[in-house]
Amino acid sequence: MYQALYRKWRPKTFDDVVGQQHVTDTLKRQVLLDRLSHAYLFTGTRGTGKTTCAKLLARAVNCENPVGGNPCGKCPACVGIENGSILDVLEIDAASNNSVDNVRALREDAVYTPASVRKRVYIIDEVHMLSNSAFNALLKILEEPPEHLMFILATTELHKVPATILSRCQRYSFKRVSQEDIAARLAMIAKAEGMELSDEACEMLSRMADGALRDALSLLDQCSGDVIDKERVINAIGVADTQEICRIFEAVKARNGGAAMDILNELYMNGRDVSAVLDRLAELYRDLLMTRLAPKGGTSLLKGGFTASELETLAQGASVPSLMAGLDVLEEAISGLRGSANRRIAAELCLLRLCDYAPADPVHTYAPAEVVYVPAPASAPVEKAPAPAEKAPDPCEPVPEPEPKPVYAEPVPAAEVATTTTHAGGSLDWKTVLRAVKSGMDDYIYNILADESQIEAEVENGVIRVMWRNPFAMSMVDESDVKLAIAEAAKKLSGENWRVSVEEYREGEKKTQSKLDRLMSRFDIKYDDEGE
């Protein structure tokens, strides 16, 4: 009968455990010195060796001839525990035995001395699944167990284990296995199994395992064959190649939603899982973000398997805010795929939304088009409508104030605003400040500032109030370098110092303030910034 690779190649000694030397060395030393604890707690992510080390420890403490702290594997105790014939070592699944009645039955059996070995060992896997009542029932025997009793608890969610249990156990944290260690183990097992595993396929499998050696062996088992290359891994597991992911990113970067969906459709028809495609695209966004934020961090921070040349090419023109926004869109889409009625449509909508947050946007702008008033030529006669007959003024009615006539000036080109326009002693407007600050600001942030649906601004009394309508706009604009750029542009235009304030937009407060300003200007009342 065929046996899965992760079961067939389960370590037989502590020395065979990969990537957990800090745990295995301590356990071997305790076995050698016979300084064993009555309760152990193994924590860590899946597939890192918690249950394996628990079984090895159960064999080592009962082994008749331990070798350097390792079980010999030949004595009756080691053989009997390995094949399950010795009932004094029990492995319990807490997910299906989580009631208080199960723990009470365990306590009743635990008081009896072992029949054929030195210690009775209970291995409780996924111990965080126990109910509160079960934990309380386990507490007393865990605190003062008989001399012949040992508990080994294993969990992937340490935060769910009560503090009263934690304080009574020796806790060991299992790390994620490094990609190098996983790749070396896969190469050794593939050679022993008669498989020809290429370096690219081995690197891809070790990266996809995400630190879990058991997952890596399961993936190798899924791709098993005489020759395992990169193409076979892609076809067997249904993941997208790095070149295809780079093509999607380039289409998104160019705001070409049609091309991005064509590539996604091609991958979908070839059997690729859309969630795997979005996962790989999220890894690319993350690696690009790490490349921009920590360029000296090296490859230790990268996890997507993209080459340095690919990242360097794709990172050109990619701003940090746009990458963060795109990564948020991807994470939201990936988490929503499970409950989506049509996963393909959800993935397509995600790509279209990514096009709105394209990293490079030199042309597109969200600012509304400005209305330019062109004065009529001097030679064109303007016909005047006949004036209505004047009516004698009523002495009881107040005389209305004459309305000021609008003055339309020819617009100044944006290129000249930042260099020639000055407002010394006068007032500024928000659009003039925006045109002046555009050349030295990131295009993505400039588009947010110019988008009236997200930002509204007031320029008066030496203060530029930038009022945001949604928290996302606030997170992009409320930065010291952005406010400094706005203040410097306003000072260059007017010759005066300006203070930039970023605050939440409130419709009611704005109307009240504008009415107050009109009332105080009518009576020629002035007040300072503190309202005095």
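Here are some notes on this predicted model, going from the chain as a whole to single residues.

1. Overall make-up. The chain holds 23 helices and ten strands. It has 532 residues, and 41% of them count as buried. If you take contacts between residues at least 6 apart in sequence, 72% join residues at least 24 apart.

2. How many of the six residues of strand 1 are buried? Six of the six, across residues 39-44, so the strand is largely enclosed by the rest of the structure. Look at the side chains next: Ala 39, Leu 41 and Thr 43 point one way, while Tyr 40, Phe 42 and Gly 44 point the other way, and all are buried.

3. Partners of strand 1. Strand 4 (residues 149-155) runs parallel to strand 1, and five bridges join the two.

4. Helix 5 and its two faces. Helix 5 spans residues 100-110, and Val 103, Leu 106 and Ala 110 in it are buried. Viewed down the axis of helix 5, the buried residues fall within an arc of 55 degrees, so they line one face of the helix. As background, an α-helix has 3.6 residues a turn, so residues three or four places apart point the same way. On the face turned away from the buried side of helix 5 sit the exposed residues Asp 101 and Glu 108. And what covers the buried residues of helix 5? The cover includes strand 2 (89-93), strand 3 (120-125), helix 6 (132-143) and strand 4.

5. Helix 3 against helix 4. The axes of helix 3 (residues 50-62) and helix 4 (residues 76-83) come within 8 Å and cross at roughly 155 degrees. The two helices are therefore roughly antiparallel to each other, an angle over 145 degrees being what that label requires. The crossing of helix 3 and helix 4 is right-handed. On the helix 3 side, Ala 58, Arg 59 and Asn 62 make the meeting, and they face Ala 77, Cys 78, Ile 81 and Glu 82 in helix 4.

6. Helix 8 against helix 9. This second helix pair packs at an angle of about 125 degrees, with axes 9 Å apart; helix 8 is residues 179-192 and helix 9 is residues 199-208. Helix 8 and helix 9 are therefore oblique to each other. Their crossing is right-handed. The contact is made by Gln 179, Ile 182, Ala 183, Leu 186 and Ala 187 of helix 8, together with Cys 202, Glu 203, Leu 205, Ser 206 and Arg 207 of helix 9.

7. Two loop residues worth a look. Asp 34 has a positive phi of about 55 degrees although it is not a glycine. Asp 34 sits in the loop between helix 2 (21-33) and strand 1, and is exposed, with a relative accessible area of 52%. Arg 255 is another non-glycine residue with a positive phi, near 60 degrees. Its place is the loop between helix 12 (242-253) and helix 13 (257-269). Arg 255 is partly exposed, at a relative accessible area of 26%.

8. Thr 291 lies in helix 14 (residues 274-293). Its relative accessibility is 25%, which counts as partly exposed. The C-alpha atoms of Thr 291 and Ala 315 are separated by 7.7 Å, the two residues being 24 residues apart along the chain.

Key. Residues are numbered from 1 along each chain as its sequence is written. This is a predicted model: local features need pLDDT of at least 70, side-chain atom pairs count only at pLDDT 80 or more; totals for chains, interfaces and linings use all residues. Side-chain values use heavy atoms; hydrogens and water are left out. Buried means under 20% relative accessible area, exposed over 50%, partly exposed in between (1.4 Å probe, protein chains only). Helices (H or I, at least four residues) and strands (E, at least two) are DSSP runs, numbered from the N terminus. Two strands pair if DSSP finds at least two bridges between them. The arc is that of the directions from the helix axis to the C-beta atoms. Contact means heavy atoms within 4.5 Å. Axes are lines fitted to C-alpha atoms, for helices over the stretch in contact, and angles run from 0 to 180 degrees between N-to-C directions. Angles under 35 degrees count as roughly parallel, over 145 as roughly antiparallel, 65 to 115 as roughly perpendicular and the rest as oblique. A crossing is left-handed if the near helix is turned anticlockwise from the far one by less than a right angle, and right-handed if clockwise.
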